[in-house]
Amino acid sequence: MLCICVCVYRPVLAKAIHSLSRIGDELYVEPQDDGLALRSVNSSRSAYACFLFAPLFFSRYTIPSGHAFRCKMAIKSVQAVFRSLASLEKTVEKCHIGLDEKKNRLTFTLHCKHGLLKTHNLSFQDSESLQAVFDKDSYGNVFRSHPRLLVDTVVHFPPSLEEVTVSVSDERMWVRNHVEEEDRSKSMLTELCLASDEFDHFAVTTQNSVTFCLKELRGMLVFAESTGLPVSMYFDEPGSPLVLSVTDSVLEGNFVLATLSDDSNHRKNNSRREQTPPPPPNDDFMDDDMDSYLIAMDTSIAPGPSATRPPTPPLAVSTYSKQPAAANHRSRLIAEEQEEEEEEEAELADSAGPPNKKFCSLFFGSVLPPSSQTSTQPVTNQEVLASDSEDDEQ
Amino acid sequence: MKFRGKIIDVACLNHFTRVVTTISKLTKICVLRLTPDNLFFVLSGKVANGGVSMWCELSQANFFDEYQMEGVSSEDNEICLEVTPENLSRALKTVQNAKAVKLKLTKKHCPCLTIAAELPTLSSISRVVTHDVPVDVIPRRLWHEFKEPSMPDFDVSIYLPPLKTMKNVVDRMKNLSNFLVMEANLNGEMNLKIETDLVSVTTHFKDLGNPPWGDDASQDGGPSQSRDPEDMAQARVDIRKLQQFLMGQQVNPSKAMCNIVHERVVHLILLHEDVSLQYFIPAVA
């Protein structure tokens, strides 16, 4: 009989669920020996998040012996249990999570003041274990900071922005909005420069830049900010996942986000050394040399068509680009522990390539990594992009 | 062509941001004209934007601690840029707590108005954020389209009631009709009317007062003198345009007034110390 009890109600669990809801639609629940694991993955499998609450987090933590229990459920229904966080914090004294084996329901019971009991019986589906394969400790670039720093950073970017690019040098980090080449003349470019001493920990071994989705970072920050836990960011090279993590003595949260791979290089040859790190952006605004700002632009009364027209017609852009942009998104991070015949499917998707249109996280999921990428991973044969849609059973 | 400006004072930055945000609510694209003394946000009344035109004038000295510019030539010491005020507004809003904000014209991947801000940090090095807002440089031969609109030869000029009150009225009327009749007389009375097949609604304002325009206000010494104070001048306008104006404004004007050219145009003016915003809504039949 599964029985977990949180004696003093703490909003941390609810915040974690809320944060996971920014990733995917389903919550994977797995009570393990080392704690309760809550996980989620987005539909394109380009982002994965996992929280592990150690047994000590709970006042009582008992898990079924013998057979392992795991399930998945709609994250919305779990969120409904913890709706209106603010009032819950005042009224709920403890929260009990149990499995009702007869009815096949997961039961959340909130013990409120004045003996009030709120019971939510949530249906669930059996599922395989969801586990991303990543080894953040092998990553060269590691940063740790108070969440406030990242919150203050992302605030400069509009909510509609999908991806940001993070570049690092030995003592600075630049965060930029990622704009497709063809949109550059229309879009506003925002760049923020952070000095290394704003971070608690700032270690760079390779000066490079990665592009990833902002939405999941925001999701992580929701959690980190509410708990005040420092956020660590790990990344390596473009194309390999970026990991955001928070740790505490009783909980650990990891967000694994796919990054945009460098264009042409990795498709043609798998040698990672070919990928030259982008030159660090120049920072002419740091010095206050007046003249460097003033760049002359000619708008004399030129004959011919208006000078206000966009600098390059779209046609010209496409002829210059060596290969369709955005045909290079892949993910190598999600693997369910069973291996299935998905491999072939994934390969197919790779050769076909995603539509040559605006970068969209949907493209992440269906592609296998080139073999060189596997070196950072402990278990190579687990890189299966298995979909769980097949094994859905009620 | 060179331009660089620097704002240090928080109040100035805040004020400038509010002006730009107001503009961004009125139009998606407008022209920013820079002269040695002033900045202008201009929207010329083209059919594409519903015939609405706008003229907003700021004195640079009231906002910028440093302001340097060099126009196209010494005779035409101006710079004309087509900008998206929404982008400027968004960039400025995120740097409200900056120690200093620089605006400058730069040539990056395309001509840009770059907003660079130095943000306070705990560390010794400031955090720097830059927003590159793409702009189009407008060639000199098109400049004539962006001159100050002449004051229309209005029939009635009147002070507006509190804009918030007016907004509430217009918001409700918008649910009933697409067009609104604004009428006013020289007796300080203004009516906002809608008329549909089903319903007629009129909101009356009185004792608003009429601004004392000098002789230069209207071309022929002013029809106002000979005009019957009770006689209403009216214009039927697109209610959305009026609503946009009332909704977006964040300038908190010290004076708000309205000139009506009978059945031709409504000319709204907001004055606030150093900022003036004029907005023209053409009348529809």
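Predicted model: local features only at pLDDT ≥ 70, side-chain atom pairs only at ≥ 80, totals over all residues.
Local features need pLDDT of at least 70 and side-chain atom pairs count only at pLDDT 80 or more, while totals for chains, interfaces and linings use all residues. Side-chain values use heavy atoms, with hydrogens and water left out, residues are numbered from 1 along each chain as its sequence is written, and chains are lettered from A in the order in which they are written.

Let's start with charge. Side chains of opposite charge can pair when their charged atoms come close. The rule here asks for a side-chain nitrogen of Lys or Arg within 4 Å of a carboxyl oxygen of Asp or Glu, and over all chains that gives 16 salt bridges.

Take R39(A) and E30(A), whose side chains form a salt bridge at 2.9 Å, N to O.

Now look at R148(A) and E225(A), bridged at 2.4 Å, N to O. R148(A) sits in helix α4 (residues 147-154) of chain A and E225(A) in helix α5 (residues 214-227) of chain A, so this pair ties together parts 77 residues apart in sequence. Helices are DSSP runs of H or I with at least four residues, strands are runs of E with at least two, and both are numbered from the N terminus. R148(A) is partly exposed at 40%, and E225(A) is partly exposed at 38%.

Over in chain B, R140(B) and D76(B) make a salt bridge at 2.7 Å, N to O. R140(B) lies in the loop between β10 (136-137) and β11 (156-159), and D76(B) in the loop between β5 (66-70) and β6 (79-83), so the pair ties together parts 64 residues apart in sequence. R140(B) is buried at 19%, whereas D76(B) is partly exposed at 24%.

Finally, the helix pair. Which residues of α3(B) meet α4(B)? They are L163(B), M166(B), K167(B), V170(B), D171(B), M173(B) and K174(B), where contact means heavy atoms within 4.5 Å. Their partners in α4(B) include I239(B), L242(B) and L246(B). The residues of this contact divide into eight nonpolar, one polar and four charged (nonpolar covers Ala, Val, Leu, Ile, Met, Phe, Trp, Tyr, Cys and Pro; charged covers Asp, Glu, Lys and Arg; the others, Gly among them, are polar).

Conventions. Buried < 20%, exposed > 50% of the residue type's maximum accessible area, 1.4 Å probe, protein only.
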